[in-house]
Amino acid sequence: MEIFKNILNFTIVDIIDVILVAVLLYYLYRLVKGTVAINIFIGIIIIYGAWRLTDFLNMELLTSIFGGFMKVGIIALIVVFQPEIRKFLLMVGSTNIGRRGQIFKQFNFLKTEASNETDVDAIMTACTKMAQTKTGALIVFERNNNLDFLSESGDEMNIKVTQPIIESIFFKNSPLHDGAIIINHNTVKATRVILPVNNEKNIPKRFGLRHRAGIGVSEKTDALALVVSEETGHISCFKDGEFVVYDDLNELKNIIKGDLL
């Protein structure tokens, strides 16, 4: 009967508490989704549920065993989930309430719009030409999440985005073509970047490592990923770990422009 009394005594704060815990668990799941850590994450949820259930049923011996595991397991979890915890903290620390610079948006004298706006037209034209010659490419658009932790795996650059620059980077004989490039506003900030790869088996076999990397980076951060297939020449776009559906390249261009605002 006590549990029903507690339910009846639920307040607005309790409801908010439950919602926030659900949101936290959802984002933790998204963080480890597609990695081997997902099995550990699910196992922890099961053990925690068993601990609470045995405690509710007054099974003292099992409760003490599960309780001891949960207390000692925190240290083990920090070691096991070290890469995921690092990425999670980086994502939290680099996420802003709105798009960077929104506070100063109306103060055009602080930064001209032309220097800040990504030249999506030039990028899409370059991708179209690379698609015709089946030149593989992987382009990541940085948004609110800072991608410096990924840029460190490649070569730091500071090149203005133009169609010839994009094409020359991914030219098959170019020393920079292997890996991804990261674009921040209208600047190529890094090349030859190694991205986290999605390892889910339900991705069609026709998609290679570029597509898995595009899915992986868009899962772990709020970045957009644009992929030109070396096998088919098809242009794919990924957001939130999912394929962006579009009818033609004009529509895709407008989608990317809208997401980068």
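Mentor: Start with helix α10. This is a predicted model. The buried residues of α10 are H211, R212, A213, G214, I215, G216, V217, S218, E219 and K220.

Trainee: What makes α10 largely enclosed by the rest of the structure?

Mentor: Count its residues. Buried means under 20% relative accessible area. Ten of the twelve residues of α10 are buried, so the helix is largely enclosed.

Trainee: How do you know what span to expect for α10?

Mentor: The expected span is 1.5 Å times one less than the number of residues. For the twelve residues of α10, 16 Å is expected. From first C-alpha to last, α10 reaches 16 Å, close to that value.

Trainee: Which strands does α10 lie across?

Mentor: Helix α10, residues 209–220, lies across β1, β5, β6 and β7. It runs at about 25° to β6.

Trainee: What is the order of the strands in the sheet?

Mentor: The order is β2-β4-β3-β1-β5-β6-β7. These seven strands form an open sheet with mixed pairing.

Trainee: Why do β2 and β7 count as standing at the edges?

Mentor: Strands β2 (155–160) and β7 (242–243) each have a single partner strand, so one side of each is left without a neighbour in the sheet.

Trainee: How do you know that β1 and β5 pair?

Mentor: Pairing takes at least two bridges. Five bridges join β1 (residues 137–141) to β5 (residues 224–228). The two strands therefore count as paired, and they run antiparallel.

Trainee: What makes β5 largely enclosed?

Mentor: Five of the five residues of β5 are buried, so the rest of the structure largely encloses this strand. Both faces are covered. L224, L226 and V228 are buried on one side, and A225 and V227 on the other. In a regular strand, side chains alternate between the two faces of the sheet.

Trainee: How many bridges join β5 to β6?

Mentor: Four bridges join β5 to β6, and the strands run antiparallel. The bridge partner of L226 is C237 in β6. V228 stands opposite I235 in β6. The hairpin of β5 and β6 has six residues between the strands, and G233 there takes a positive phi near 80°.

Trainee: Why is β6 called mostly covered?

Mentor: Four of the five residues of β6 are buried.

Trainee: How do you know that β6 pairs with β7?

Mentor: Two bridges join β6 to β7. At least two are needed, so these strands count as paired. They run antiparallel. In β7, E242 is the bridge partner of K239. Two residues lie between the strands of this hairpin, and D240 takes a positive phi near 55°.

Trainee: Where does helix α7 lie?

Mentor: Helix α7, residues 120–132, lies across β1, β3 (180–184), β5 and β6 (235–239). It runs at about 30° to β5. The buried residues of α7 are V120, A122, I123, M124, A126, C127, M130 and A131. What covers them includes β1, α9 (163–169), β3, β5, β6 and α11. Just after α7, K134 takes a positive phi of about 55°.

Trainee: At what angle do α7 and α11 cross?

Mentor: The axes of α7 and α11 (residues 249–260) cross at roughly 140° and come within 10 Å. That angle makes α7 oblique to α11. Angles over 145 degrees would count as roughly antiparallel.

Trainee: Which residues meet where α7 and α11 are in contact?

Mentor: From α7 there are V120, D121, M124 and T128. They meet L249, L252, K253, I256, K257 and L260 in α11. The crossing is right-handed.

Trainee: Why does T191 count as buried?

Mentor: T191 has 0% relative accessibility. The cut-off is under 20%, so T191 counts as buried. It lies in β4, residues 187–193. Leaving aside neighbours within four places in sequence, T191 is in contact with G154, D155, M157, I169, L176, A180 and I181.

Trainee: And the whole chain?

Mentor: The chain has eleven helices and seven strands. Buried residues make up 37% of its 261 residues.

Methods:
Residues are numbered from 1 along each chain as its sequence is written. This is a predicted model: local features need pLDDT of at least 70, side-chain atom pairs count only at pLDDT 80 or more; totals for chains, interfaces and linings use all residues. Side-chain values use heavy atoms; hydrogens and water are left out. Contact means heavy atoms within 4.5 Å. Axes are lines fitted to C-alpha atoms, for helices over the stretch in contact, and angles run from 0 to 180 degrees between N-to-C directions. Buried means under 20% relative accessible area, exposed over 50%, partly exposed in between (1.4 Å probe, protein chains only). Angles under 35 degrees count as roughly parallel, over 145 as roughly antiparallel, 65 to 115 as roughly perpendicular and the rest as oblique. A crossing is left-handed if the near helix is turned anticlockwise from the far one by less than a right angle, and right-handed if clockwise.
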